[in-house]
Each structure stands twice: as C-alpha cells, then as structure tokens.
Amino acid sequence: MTDVKGGQKTFKVFRYDPAKGGQGHFDTFVLDIEDYYATTILDVLFRIQREQDQSLAFRYACRVAMCGSCGMVINGKEGLACKNVVGDLRTDVITLRPLNHFPVVKDLTVDMEPFFKKYEDSMPYFEPAQELQEPAVVRPDTWERKAIDMATDCIACGCCVSSCTMAFWHKDYLGPAGLNRSMTLLADSRDGLHDERLAAAMESCYNCRLEFNCTEVCPKNISPTRAIKYIHRMAVRQGPGLADRLTSTPEPKALPAPEPLTPAMSRRRFLSRSAIGLGAVAGVAIGGMVTVSAISAAFKEPERKWVSLGPLEKIMDSPGEVATIYANYQLADGFYKRDEHKPVLVSLNREKNRIIAFNSRCTHLGCTVHWDEKKKLFMCACHGGTFFPDGVVKSGPPPRPLERYKTQVKNGNLLVLEA
Amino acid sequence: MLPKIKVDMLTLGMGAAAQLAALNAHDANPDLDILIVTKALRGKGGCSRMVQGGFNVVLDQKDSHQKHFMDTLKGGQFINNQDMAKTLVEQATNTIKEMETKYGCFFDRKPDGTVHQKAFAGQSFDRTVHKGDLTGIEIISRTTEQIMKRGIRVLEEHRALDLLYDRERSQITGALVMNIRTGELMVVEAAATLVATGGGPTCYRLCAPGPEKSLDGLAMLYRAGVEMMDMEMIQFHPTGLIVPGSVVAGALLEEGLRGAGAYLYNSEGERYMLRYDPEKKERATRDVVSRASYLEVMAGRGFPGGGVQIDAAHLGAEFVEKNFPGMTERTRLFGFDLANEPVEVSPTAHFLMGGAVINSDTETKVHRLFVAGEDAGGVHGANRLGGNGIADSCVFGRQAGKAMARFLERERTIAESDPQMVEHLCAHYRAPLSRTSGPVPADLRDRLRELNWVKVGIVRQGDSLAEASEEVEELMAEVLGAQVPSNTNYNMIWGEWLSLVNMLDFTRMSSKSAALREETRGAHARHDFPEQNDATGLYNIFLRRGQDGRPITEKRPVDLKYAAPPSKKNQPTA
C-alpha cells in the first residue's frame with residue numbers, strides 16, 4: 001500500500017425530493033478524509049448528512065454487505081455503499097446515483113418493488129418434493145451442490161438488475177437475480193417444482209444477451225450469467241416433452257395458496273405462461289438477433305459538413321420542449337455516397353431563447369432515441385437507456401451523455417455540424 | 001383521524017422470530033390475515049440476517065438435549081428461565097429440520113452428506129449448524145421467500161413507534177406505525193400483536209449489530225408497562241473489527257475462529273487467555289474472553305487502536321479462506337488480512353440477554369401481546385452461548401406463531417385503540433419537526449454511546465452506574481427538546497431522534513439493573529464486586545416503568561426447576 005492515507009475528495013450526489021418533484025439534480029460535496037481505506041461510501045454519506053446536508057436520504061441496514069440495502073451506482077457501476085472504500089475508487093470526483101430502472105423515492109433511495117416483483121415471479125421459494133422428517137442426505141461433492149453453492153449468497157440488493165440492459169426492457173424477463181435463484185432450485189434435487197420452474201425460466205432466460213454486467217457488478221461475486229447458461233443447458237436436455245409433462249400432472253404439487261395479498265404466481269398462471277413460453281422460445285431468440293443487427297456503429301470518421309434543419313422560427317414554434325427534425329443530406333462515405341435521413345433532437349429553451357441540438361444516436365449501442373414529452377426524458381427503446389433533457393444519462397447502460405451538435409444560424413436557418 | 005389498518009395478527013419486525021411466527025401462524029390457519037411491519041426493506045433488517053457462526057441444535061445420536069440444556073445454563077450462570085431454556089434446546093431440533101425440509105435452507109454437509117456441526121465456545125459437543133460463515137443470509141433469504149410464497153403482507157419501511165392500548169388499558173390493540181418514506185402515521189390494530197423487532201445494543205461506542213438497530217421493541221415494551229428482566233445482562237463479543245471513524249467499527253469476526261483454534265495476543269505478544277482460563281483458553285465463553293481482553297487493554301497491554309489481536313494465520317491461509325471466506329473478505333476490504341496476519345479486534349456490544357418476561361409460548365402478562373426473539377428475556381440468563389441466538393429467534397418465533405394461531409382460534413376480535421392515547425403519541429413524536437432550535441440528535445447519540453461504553457460497559461462500578469442513571473435523565477430531557485428537519489419525506493434525522501429516545505429508555509433499564517446486581521455474573525462484571533456470589537441465592541432483576549419514566553425494580557429468586565448449579569461459588573462451608 002502507498003503512504004497516501006487520505007485527502008480531499010469531491011462527491012457528486014444525485015438529489016431528488018418528492019415534495020419538489022422534477023427530474024432531480026446533482027449536488028457536490030467536498031470532504032476531508034483522513035484515511036481513504038478506512039472510509040466506505042456509506043461512511044461518506046453519513047458524514048455528508050451530519051456535516052453538510054441533513055436532508056440527504058440513503059438506505060442502509062447491516063453495513064457489512066449482508067443485507068443488500070445500500071445498493072447504488074458508484075462512479076457508473078453498481079455496488080454496495082458499505083462495500084466500496086474510497087481508496088479503491090481512483091477518481092478525483094466520485095459520483096453517486098440511485099440504482100437504474102427503479103422509481104426514486106428520495107435522493108439515493110429507490111422503490112425496490114419492481115425488483116421484488118420479478119424476483120417473486122421467478123418462483124424463488126422452495127417447495128419440498130417429498131415430505132421428509134430429516135434433512136436430506138446430499139454429499140457436498142455432488143454436481144448439484146457444486147452448481148448451487150456458488151450462487152446462494154444472493155442478498156437481493158438489486159445491483160444486477162440495475163446493471164442489466166434487458167431486465168426492464170422485457171417486461172416478463174425475470175432478470176439476473178430471479179434466474180439465479182431459479183437455477184439454485186432447478187439444480188436442487190430436494191425441490192418439487194422442477195418442471196414448472198423450468199418452464200418459467202425457459203420462457204425468460206433467452207432474453208439474456210450475455211453482456212455479463214450482472215456478473216461484473218455482483219457484490220457477492222455471484223455470476224447470474226453462469227446461472228442462466230446453466231438453465232440454457234438444462235433446457236436443451238429437459239425441455240423436450242416439458243409441456244406434456246406439465247399438462248399431464250393432474251394434482252398440483254404446489255401448496256394451494258390462499259388468495260394472495262401480494263402478487264405471487266399461482267400454478268394456473270405459470271401453467272398458462274409455460275405453454276406460451278415453450279412456443280415462443282425460438283421466436284424470442286431470433287428476435288434478439290434482429291435487434292442486435294440494428295447497431296450502426298461508425299467505424300470511420302467521415303468528413304463533416306453543416307446541414308440545414310430548416311427555418312429556426314418554425315422549429316421554435318414546434319409543440320413541446322423538444323422538436324424532432326429530420327435532416328436529409330448526402331454523406332460521402334469511403335467509395336460511395338449515401339443518402340441520410342436522420343432525426344435530430346432539438347431541445348428548445350424558449351425562455352432563454354436557446355436551443356441545444358442532440359445527435360439521436362444512443363451512446364450505448366447506437367439505436368435511435370426519442371423524446372418522451374410526458375416523462376420529459378430521451379428514451380432508447382433498445383436497452384432502456386434514458387437521458388435528461390440536457391442529454392445527461394439518467395438510467396440504463398449508456399456510458400456517456402447524448403452527443404451535442406455544433407450549431408449556427410445562417411439566413412434564419414438552423415444548421416448543425418454533421419458527423 | 002389517522003389511517004387505520006385492521007388485521008388478525010400484527011408482527012413487528014421481520015427477522016427470524018417475526019418470520020417464523022408469521023409462517024407458523026399461517027400454516028396453522030391459512031385464513032388468518034397477517035401483517036408484517038418492518039422498518040427495513042422486506043427481509044433486510046435486523047440481526048438474524050447478520051448471523052455468521054450458526055445455530056446450536058442437537059442432531060447427533062451422541063449428543064443430547066440434556067447436554068445442550070446444561071451448556072445453556074452454565075453459559076447463563078444458572079439464572080436462566082429453565083422452562084424457556086428447555087423449550088429452546090428441545091424445539092431447536094424440530095425447528096432446524098423444518099427449516100431444511102419445509103423452507104429449503106441448506107446447511108453445510110459432512111462428506112457423507114449429513115448435516116455438519118462445528119465447534120463453538122462453551123459447548124460440550126460440536127453442535128453448531130451453519131452455512132459457511134454467513135449463516136444468516138441462508139436462513140433469512142429462504143424464509144423471506146416462504147413469506148412471499150404464502151402471500152403474507154409486508155409493510156416495508158414502516159416503523160412501529162409505540163404499542164397501543166384500549167380505553168380501559170386492559171389489552172394491547174396494536175401499534176402506532178410510521179411510514180418512513182412519507183412520515184405519515186397510521187394505526188394498525190390486531191387481535192394479537194407480536195413484538196419481534198430484535199434488540200441490538202447500538203447505544204455503545206463499538207457495537208456489532210447494524211446501525212439500523214435501535215432497541216425499538218424493548219423501549220416500546222417498557223413504555224407499555226410490560227415487565228422486563230435481566231436488563232443488566234449485555235453481552236460483549238470479544239472480536240469486533242476496529243476501523244476508526246467508520247460505521248463498520250464493531251462488526252464481528254465470528255466466534256468460529258476461536259472455535260477453530262485462532263489465538264488472541266496482547267501487545268506484549270502474550271496469549272493472555274492462557275492466564276485467564278488455562279483450560280478453555282480462547283474457547284472460553286464470550287463474557288470471559290471479552291472481560292480478559294478489556295482488562296489487558298486497561299492494563300496498558302493493548303494495541304494502538306485500543307484492542308488486542310486475533311491471529312488465525314497459523315491455521316493456514318488456505319484453511320482460513322475456505323472456512324471463513326466472509327470474514328477474510330471483510331478484513332481485506334479494510335487492508336487487513338485475516339488469513340495471513342493478526343488483525344486488531346476489540347470487545348463490541350453485541351446482544352441483550354434481557355427483555356420482556358414471557359413464557360414458553362411467548363405470551364406476556366398483557367392481553368393480546370406476544371414477544372419473541374431478542375426482545376424477550378430469560379432463556380439465556382447472564383450470558384448467551386454463541387449459536388444460541390439464532391436458535392432462540394427461530395424456536396421462539398415458531399412457538400409464537402403456533403401459540404398465536406391457537407389464541408386467535410379463541411379470540412379473533414379486534415379491540416379499538418384509545419383515541420386519546422393515539423392523539424397524545426402523535427403530538428409527542430411530531431414535536432421535534434416543528435422545533436427550530438435545540439440540539440441535534442447525532443451529537444446526543446454520540447454522548448450516549450460514550451456514556452454507556454464508559455459507565456455501563458464491560459466492567460462496571462456502583463458509583464458510575466448511579467451517575468449513568470442520572471446522566472440518562474439529563475440526556476432524555478435534552479433529547480425531548482431536540483430539533484429535526486421539518487420535511488417528513490424519508491427524514492433520516494427524525495428517525496435518528498426516534499431511535500435515540502428508544503436507546504435512552506433502554507439505558508434507563510440497563511443502568512438501574514446493573515447497579516442493583518452487586519456481584520460479577522456472566523456478562524455483568526463489577527469492579528467493586530469482582531466475585532460471583534451464589535451464597536445469597538440466585539435471582540433475577542425484574543422491572544417495569546414507573547410514573548416518572550424510571551424503572552421500578554424487584555429481585556426474585558430463580559426457579560431451579562430442573563437443574564441447580566453443580567458447585568456454588570462463595571457458598572459458606574457450614
């Protein structure tokens with residue numbers, strides 16, 4: 001370890017107050033830290049709250065990475081506030097924002113309901129295959145335990161779901177935490193809901209795009225990606241005939257649960273789902289490939305030129321806060337010329353009489369983002385990335401803000417410098 | 001008028017005791033409307049989840065309930081409630097089997113595939129069932145899923161402020177509850193109420209439980225006039241991490257390390273436990289080891305951080321990493337390395353043996369009120385054995401669920417809360433929101449932590465205990481004049497104030513009780529009375545809240561129903 005123990009650090013912390021509403025913003029706090037390696041992000045938050053801003057809200061419980069309450073996005077990567085020490089974060093400014101995809105309650109606290117909903121839909125609960133009086137005899141060196149034991153330390157912190165670009169784009173995708181739990185039960189010889197679970201998992205697991213985000217961020221070093229691949233393999237071996245096996249079982253194995261007060265999946269519901277699921281598997285997989293081919297990454301820097309978007313006055317008269325203008329121009333690209341017909345997003349600040357023109361290409365994988373006037377956000381349909389009106393990333397996988405065009409007004413026309 | 005929810009069964013807390021109560025009550029009668037109120041997210045609060053070492057239970061043919069019972073009494077220095085200790089050891093066996101076969105927990109196995117049991121301090125047989133060194137995650141994750149499966153309702157990030165009575169003050173009607181996200185108050189009324197919020201002495205400079213714990217249950221029970229016992233019995237765990245200035249300070253390195261053969265050293269390089277307990281050495285019970293460590297530090301043989309060192313490196317790095325992966329990782333995060341070098345540790349406030357007086361069915365003497373887990377007293381006596389804590393929560397949670405289902409068969413009516421009481425409490429708890437001057441809760445909390453550490457700590461003394469009781473009253477007066485920000489949305493400072501009031505009510509009980517026990521017994525050590533005194537007879541200290549807020553106490557002899565101490569110390573030889 002180096003001699004450097006501590007020093008001054010700047011923290012940019014996302015703030016949102018439900019009493020005030022709006023989009024939220026970042027506040028900057030500067031702290032003198034005695035020892036970077038003895039200070040967790042959770043310590044930092046407690047200090048900011050005590051020394052600088054009593055209104056700061058964050059969540060915690062155990063402070064030793066056992067409860068999964070303090071998940072957040074730390075310098076762009078999901079993690080637990082209690083398990084990240086300042087010394088390991090090598091930037092001068094450390095940015096803290098709430099987990100992606102979840103409604104923000106206040107500042108860094110989010111409503112985890114969507115997480116629990118998906119988790120519950122994965123049928124995470126054990127159902128005994130037989131009524132045993134004694135704990136089952138299972139040798140620790142069996143395949144079963146080797147597969148499961150790596151994956152049972154999940155603390156449901158939501159980091160994986162926040163990092164997943166698929167979990168919230170596909171409404172019925174159970175997501176990494178749910179499928180990881182599915183796998184531990186599917187591999188468990190003691191469990192009695194095997195076929196039903198497999199059907200639900202199969203319906204869902206092909207939505208994984210193997211981006212390994214969940215594996216990378218998991219604070220408990222679990223690899224949900226591995227769990228999902230395990231389910232894929234199991235589906236190949238056990239998938240055929242699954243629908244027949246499910247429909248031919250006359251007696252439900254699950255406990256006849258009373259009318260659920262919180263949403264819990266009934267057997268009837270997952271039976272109907274599994275029937276659809278088995279047919280839909282192939283379609284989903286192919287659909288996925290089509291989506292991937294929509295990526296249009298520019299490999300070569302073409303020559304730039306000013307392109308007109310038409311009279312500025314007309315643009316300023318468009319309804320809403322953002323005008324979507326199609327730019328039509330010819331682009332010289334290597335050996336040939338090609339015609340471009342491309343939406344440019346022009347953010348209109350009528351009060352200050354100012355505009356910002358954004359490239360509509362998502363900074364994640366190049367899909368086209370659109371403006372949602374109701375949510376006041378730029379949204380990307382491919383992997384659920386969202387951006388604030390100033391182009392800054394709000395949530396999802398995009399690594400940087402929307403690209404801004406250089407603009408000028410010439411003869412009353414708005415021009416942007418195209419790339 | 002506050003919003004009101006009515007249910008059959010209200011459970012305050014969502015640790016192991018609360019969850020097992022809800023599951024067992026539901027399974028006994030699926031028709032019951034059960035509501036769990038937790039101040040954390042579902043399944044994330046409390047200490048059960050933080051359990052490292054494991055669960056003491058008799059499973060082996062060569063072991064017996066009688067042995068576990070005697071170990072528990074010896075650990076508790078024979079002031080345990082013997083009926084409860086008996087229930088603990090007997091029911092633990094069925095409980096752990098159900099957790100495996102019904103809820104899907106999977107504990108570590110021996111090579112032959114049967115459940116592995118490891119060595120823990122103070123036990124005559126290796127009987128601690130575990131899942132690696134982070135057993136609580138397995139238990140709470142699996143039971144929380146079973147709560148989901150049964151569709152039992154959970155109000156998360158809702159905090160109970162006080163128990164409510166009816167107009168005649170003849171029965172508990174439910175609780176006043178706050179929505180942490182909005183600050184709104186509501187009344188939850190139930191035909192039966194279980195307090196299972198867990199204890200956690202977070203009112204000490206160093207403490208093992210998470211900072212979210214705040215003694216809510218014990219304080220609510222005290223304010224409701226429920227009889228409490230053994231409140232002087234506060235366990236300090238010998239091996240808490242030292243990370244100065246961090247909220248992680250005091251977090252545990254688990255007991256199994258000493259069980260596996262780790263050594264403790266003072267700054268002179270001496271294995272001092274050889275001197276304090278030549279027979280059991282580092283495997284002596286927590287009270288003995290904590291006291292020894294404290295005395296070494298006080299004698300000037302401590303390390304710069306104010307602690308001693310635990311050394312597991314001689315067990316082999318590979319062994320430590322394999323058997324204590326959670327602990328190894330925990331130390332490495334802060335630049336220490338348990339697998340390869342000694343790590344500085346200190347005794348840390350860990351567990352409360354005392355609590356509400358209940359019977360084996362978790363019933364209190366107040367109609368419709370049940371208490372289970374760390375909020376209840378009696379089962380552990382003067383000192384709890386490592387591995388008996390999660391066993392207590394699970395066993396008595398299960399007892400509570402079954403007993404409450406039986407109770408609700410007979411009495412499923414919901415009584416109405418006293419509206420005046422509700423109104424008074426609302427005004428009381430909202431008062432600091434509108435104050436614009438006064439002290440800040442965090443400063444007062446720091447003062448309380450130091451006060452407890454120094455005057456109601458590991459080794460105590462009559463005069464400082466008396467001072468502590470007075471200082472607590474002064475602090476309480478200041479706290480009641482404190483201010484917090486007025487925005488009620490996720491107002492953490494207000495939450496801190498609420499916690500502080502509870503910590504102070506707890507300290508009223510602990511300091512008074514500790515002053516009355518003029519001997520050293522189990523976790524309670526007196527500098528002015530260093531001997532355990534069995535001659536005057538074994539007794540418990542009971543208390544309840546008086547009109548002025550201070551406790552009214554009473555000593556009563558222990559009922560040595562099934563077993564008496566083998567050799568009484570300081571017994572006159574006449």
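In which sense do strand β1 and strand β5 of chain A pair, and over how many bridges? Select residues 7–15 for β1 and residues 93–97 for β5: the two run parallel and share four bridges. Here strands (E, at least two residues) and helices (H or I, at least four) are DSSP runs, numbered from the N terminus, and two strands pair if DSSP finds at least two bridges between them.

Before moving on, a word about the model. It is predicted, so local features need pLDDT of at least 70 and side-chain atom pairs count only at pLDDT 80 or more, while totals for chains, interfaces and linings use all residues. Residues are numbered from 1 along each chain as its sequence is written, with chains lettered from A and ligands numbered from 1 in the order in which they are written.

Next, click A:F11 and look across to β5(A), where A:I94 stands opposite.

Now show the whole sheet of chain A: five strands form an open, mixed sheet in the order β2-β1-β5-β3-β4. Its edges are β2 (25–33) and β4 (77–80), each pairing on one side only.

Finally, select α5 (175–186) and α6 (194–205) of chain A, which pack at about 145 degrees with axes 10 Å apart. Among the residues that meet are A:L179 in α5(A) and A:L198 in α6(A) (contact: C-beta atoms, placed from the backbone, within 7 Å).

Notes. Axes are lines fitted to C-alpha atoms, for helices over the stretch in contact, and angles run from 0 to 180 degrees between N-to-C directions. Two residues are in contact if their C-beta atoms, placed from the backbone, lie within 7 Å.
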